[in-house]
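Trainee: I would like to go through the terms used for this model and see what each label rests on.
Mentor: Then ask about each label in turn.

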Amino acid sequence: NNLISFGQTTTGGDGQATSSFVLKSDNVYLSGSKVNILGERFFLGGSGQYVSGSGGNIEISSSKFHIRPDGDVVMNNITASNANLSGKITSDTGEIGGWTIESGKLTAGSGNSSVTMSATDQIIAMGSGSTFNKSDLGGGLRMGLDTDGTFKFAVGSAASYLYADSTGVSIKSDSFDVTASVAEIDVDIFKMSANNLFISSSGG
């Protein structure tokens, strides 16, 4: 297993033949205050993990870390106390600042504090609501594509809401106030119904 030779052609760990100085051993130790290894091409390691260089490029590879000759870096389970990133970042899963990343979807919080943005479902939602049915609105805001293929908008709960879809706009509330310097209503049919109806005008 041990070999020291000069001028003998043998195959190195990188698969290349050499006819120069050859040192082969199960264990090799180099020690010194200053050790220089000079060469345009080098290979340290084995097939599972190695450091190699040639043609002006360096490649480093291990089970969870790989620097490719083109400069790309592949890593698993990165931990950093401070990292500055620029350029394009691509991820199908993960968490950033309390946001959960899924394919085509971002979510954060839970219950009344939840926020969902889904490109897959074409939905933006805030709060605990999970349906566009007016009688089942759970609170919060929900807008996007419903299961019937219609885009809808809903804010509020079943007791008090503002709702809109392709058929019109619905407003439900125990108290409804409109304050404006000028208010105009232009409709073909106008109906007001109340147990007590009071209309006042400064000019009347």
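What follows is a set of questions about labels, each answered from a value and its cut-off.

Trainee: What kind of model is this, and how are its residues numbered?
Mentor: This is a predicted model, in which local features need pLDDT of at least 70, side-chain atom pairs count only at pLDDT 80 or more, and totals for chains, interfaces and linings use all residues. Residues are numbered from 1 along each chain as its sequence is written, and side-chain values use heavy atoms, with hydrogens and water left out.

Trainee: Where is confidence lowest in the protein, and where is it highest?
Mentor: pLDDT is the predictor's confidence in each residue, from 0 to 100. The protein averages 84, and 90% of the residues score at least 70. Strand β2 (residues 10-11) has the lowest confidence, with a mean of 56, while β14 has the highest, at 96. Where pLDDT is low, the predicted coordinates should not be read in detail.

Trainee: What makes β13 a strand, and which residue has its place there?
Mentor: A strand is a DSSP run of E with at least two residues, numbered from the N terminus. β13 covers residues 115-118, and Met 117 is in it.

Trainee: Why is Met 117 called partly exposed?
Mentor: Buried means under 20% relative accessible area and exposed over 50%, with partly exposed in between (1.4 Å probe, protein chains only). Met 117 has 35%, so it is partly exposed.

Trainee: Which residues does Met 117 touch?
Mentor: Contact means heavy atoms within 4.5 Å. Not counting residues up to four places away in sequence, Met 117 touches Trp 99, Gly 104, Lys 105, Leu 106, Ile 123 and Ile 124. Lys 105 is twelve residues from Met 117 in sequence, and their C-alpha atoms are 5.8 Å apart.

Trainee: What is the order of the strands in the open sheet?
Mentor: The sheet has nine strands in the order β10-β11-β12-β13-β14-β15-β16-β17-β18, with antiparallel pairing. β10 (94-96) and β18 (168-172) are the edge strands, because each pairs on one side only. From one strand to the next the twist averages 10° (axes are lines fitted to C-alpha atoms, for helices over the stretch in contact, and angles run from 0 to 180 degrees between N-to-C directions).

Trainee: Which hairpins have a glycine with positive phi in the turn?
Mentor: β10 and β11 form a hairpin with two residues between them, and Gly 97 in that turn has a positive phi of about 55°. β11 and β12 form a hairpin with two residues between them, where Gly 104 has a positive phi of about 70°.

Trainee: What makes a set of residues a nonpolar core, and which residues make up the largest one?
Mentor: A nonpolar core is a set of buried Ala, Val, Leu, Ile, Met, Phe, Trp, Tyr and Cys residues joined through side-chain atoms within 4.5 Å. The largest has seven residues: Ile 123, Ala 125, Phe 132, Leu 137, Ala 154, Tyr 161 and Tyr 163. β14 (123-126) and β17 (160-165) each supply at least two residues of this core. Ala 154 stands opposite Tyr 163 in β17, and Tyr 161 has Lys 172 as its bridge partner in β18.

Trainee: Why is the pair Lys 152 and Asp 146 called a salt bridge?
Mentor: A salt bridge is a side-chain nitrogen of Lys or Arg within 4 Å of a carboxyl oxygen of Asp or Glu. The closest N and O atoms of Lys 152 and Asp 146 are 2.8 Å apart, so the pair qualifies. Lys 152 also forms a salt bridge with Asp 148, at 3.1 Å. The structure holds two salt bridges, and Asp 146, Asp 148 and Lys 152 are linked in a network.

Trainee: Are Lys 152 and Asp 146 buried or exposed?
Mentor: Lys 152 counts as buried at 13% relative accessibility, and Asp 146 counts as buried at 15%.

Trainee: Why is Asp 92 called exposed?
Mentor: Asp 92 has a relative accessible area of 54%, so it is exposed. Asp 92 lies in the loop between β9 (73-75) and β10.

Definitions and conventions: Helix = DSSP H or I, 4+ residues; strand = E, 2+ residues; numbered from the N terminus.
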